[in-house]
Amino acid sequence: MLRFSNGDDFTIGAAPYAYRPAAEQETSPRIILRLLLENFETTGFVDTGGVYLLLSPEVADNLGLRPDDGIPTAPLMFRGQRVSGALHLVSLTLPAEQGDDLTIQVTAFAPQLTPFQEWPNDFPCILGMMGCLEFLRFAVDPTNSTFHFGEIG
Amino acid sequence: MIGTLANAPPAPLLIREFFGIRYSDTELTVTSGSLFDLPNDDLGTAEWWPNTNVPVFDRKSDFAESALSFTGTVSAYPERSYERTVANTMIDPEMSRLEVTAQIGDERAFVAAQKQVDWQRRSAEDFIRGVQLALAAGAYLVARNLAALGASRFPNHADLQKYARVLAPPKVSRSKRSSSSDWKASRNWLIHHGESYRGQWVALRDGELVGSANTLKALSAQLHSTTGLLITKVY
């Protein structure tokens with residue numbers, strides 16, 4: 001685990017990540033992590049410029065998130081299209097390969113596509129900063145593709 | 001007498017910078033209601049009496065009525081052509097500022113406008129509307145703070161409590177390492193076999209394929225339980 005100079009823990013767990021484009025038509029590699037959403041395991045990539053946890057419609061559906069259960073919010077611009085949806089509270093766990101798992105109660109955007117909309121490239125989930133990663137300590141070690149994470153305080 | 005701003009003479013310049021009008025020192029604006037959904041060059045209709053001075057809000061100065069730099073007040077021009085276009089509606093200047101700034105997506109102006117709202121005197125519904133507008137404006141931190149403030153002021157209001165809960169700062173907790181699937185083995189499977197499943201959803205456990213389908217829904221239907229599985233789309 002990573003530690004401060006005084007010996008205190010900086011992180012409590014670490015997990016390998018894949019470094020590749022998130023979708024077939026993408027060219028820029030992303031840090032893609034394994035996630036546990038409630039009891040559903042999938043992958044998502046880190047986007048520190050984004051907000052909330054952006055779920056793919058299929059994943060949101062699989063989690064049983066109904067629009068009426070969330071709070072309405074303005075449509076998001078996602079890859080050139082306005083996507084409506086609602087915000088929900090979702091439990092996200094980063095499973096550790098070393099150390100302990102970390103579970104975060106995050107704000108998640110569950111898209112509601114219109115009949116004529118398609119989720120581009122079936123994008124995986126996206127881990128944004130505000131409402132998701134913001135109160136997490138994390139560090140990336142590119143030499144062995146390891147994502148270190150820890151709780152604050 | 002009713003007049004449209006679009007019909008006013010060019011004397012009140014910077015019309016694009018106006019977003020609200022109200023009677024001077026008497027009562028709130030009587031307008032078409034929501035000004036925010038009108039084109040920039042047509043601020044809707046306003047009702048006034050001849051020679052009434054009409055204070056305006058200036059978007060350039062964060063909607064501070066007192067900070068007008070170009071004119072101070074604008075006189076109405078009742079001699080132009082007039083017609084009643086819509087029923088008159090009382091508007092709430094504070095909330096209208098939020099509506100307008102959210103509509104135009106001006107986060108900075110929204111943040112400034114919400115600071116001028118006396119939230120201690122606002123209803124639970126105003127808080128909810130404020131949060132929704134903050135989200136629309138991209139002022140996510142304001143949305144969170146407003147929801148929290150509203151929830152503390154109205155502890156029995158179920159919707160506000162939900163807003164506050166969903167928008168609250170993430171709560172982080174540690175737990176012992178789960179006994180879920182071996183990510184490395186599953187990742188190796190994707191590297192070595194992913195090409196054959198490109199575009200499909202797959203379920204893996206400890207590096208072995210448990211199921212695959214074209215959609216997540218179809219895959220889920222195949223699985224008795226998703227516990228311990230890595231489910232992902234293969235790219």
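1. Let's begin with one pair in chain B: Arg121(B) makes a salt bridge with Asp118(B), and their closest N and O atoms are 4.0 Å apart. Bear in mind as you look that this is a predicted model. How accessible are the two partners? Arg121(B) counts as exposed, at 72% relative accessibility, while Asp118(B) comes out as partly exposed at 31%.

2. Elsewhere in chain B, salt bridges with shared partners tie Asp92(B), Glu94(B), Arg122(B) and Asp126(B) into one network. Over all chains, the search of the whole structure turns up 13 salt bridges.

3. Now zoom in on Arg122(B) and Asp92(B), whose side chains meet in a salt bridge at 2.6 Å, N to O. Arg122(B) sits in the loop between helices H2 (107–115) and H3 of chain B, and Asp92(B) in the loop between strand E7 (89–90) and helix H1 (93–103), so this pair ties together parts that lie 30 residues apart in sequence. Arg122(B) is buried, with a relative accessible area of 11%, whereas Asp92(B) is partly exposed at 27%.

4. Glu99(B) and Arg129(B) are worth a look too: their side chains form a salt bridge at 3.0 Å, N to O. Glu99(B) is in helix H1 and Arg129(B) in helix H3 of chain B, 30 residues apart, and the pair links distant parts of the chain. Is Glu99(B) buried or exposed? Glu99(B) is buried, with a relative accessible area of 17%; Arg129(B) is partly exposed at 32%.

5. Stepping back to chain B as a whole, you can find seven helices and 11 strands. Of its 235 residues, 46% are buried. Among contacts in chain B with a separation of 6 or more, 59% are between residues 24 or more positions apart.

6. Next, where the chains meet. The contact draws 42 residues from chain B and 55 residues from chain A. About 4200 Å² is buried between the two chains, with carbon and sulfur atoms giving 53% of that area.

7. Strand E10 of chain A (residues 101–112) and E8(B) pair in the antiparallel sense over five bridges. To find the spot, look for Ile104(A), which stands opposite Val172(B) in E8(B).

8. Finally, chain A has an open sheet of four strands, in the order E9-E1-E13-E12, with antiparallel pairing. Its edge strands are E9 (98–99) and E12 (136–141), each of which pairs on one side only. E12(A) and E13(A) pair over six bridges, and E1(A) joins E13(A) over four. Pro16(A), for instance, stands opposite Thr146(A) in E13(A). Two bridges link E1(A) to E9(A), where Gly13(A) has Gly99(A) as its bridge partner.

9. One last thing about that sheet. In a regular strand the side chains alternate between the two faces of the sheet. Strand E1 (residues 13–16) of chain A is covered on both faces: Gly13(A) and Ala15(A) on one side, and Ala14(A) and Pro16(A) on the other, are all buried.

Definitions and conventions
Residues numbered from 1 in each chain as written. Chains lettered and ligands numbered in written order. Predicted model: local features only at pLDDT ≥ 70, side-chain atom pairs only at ≥ 80, totals over all residues. Heavy atoms only, no water. Contact = heavy atoms within 4.5 Å. Buried area = accessible area lost by both parts, 1.4 Å probe. Pairing = 2+ DSSP bridges. Buried < 20%, exposed > 50% of the residue type's maximum accessible area, 1.4 Å probe, protein only.
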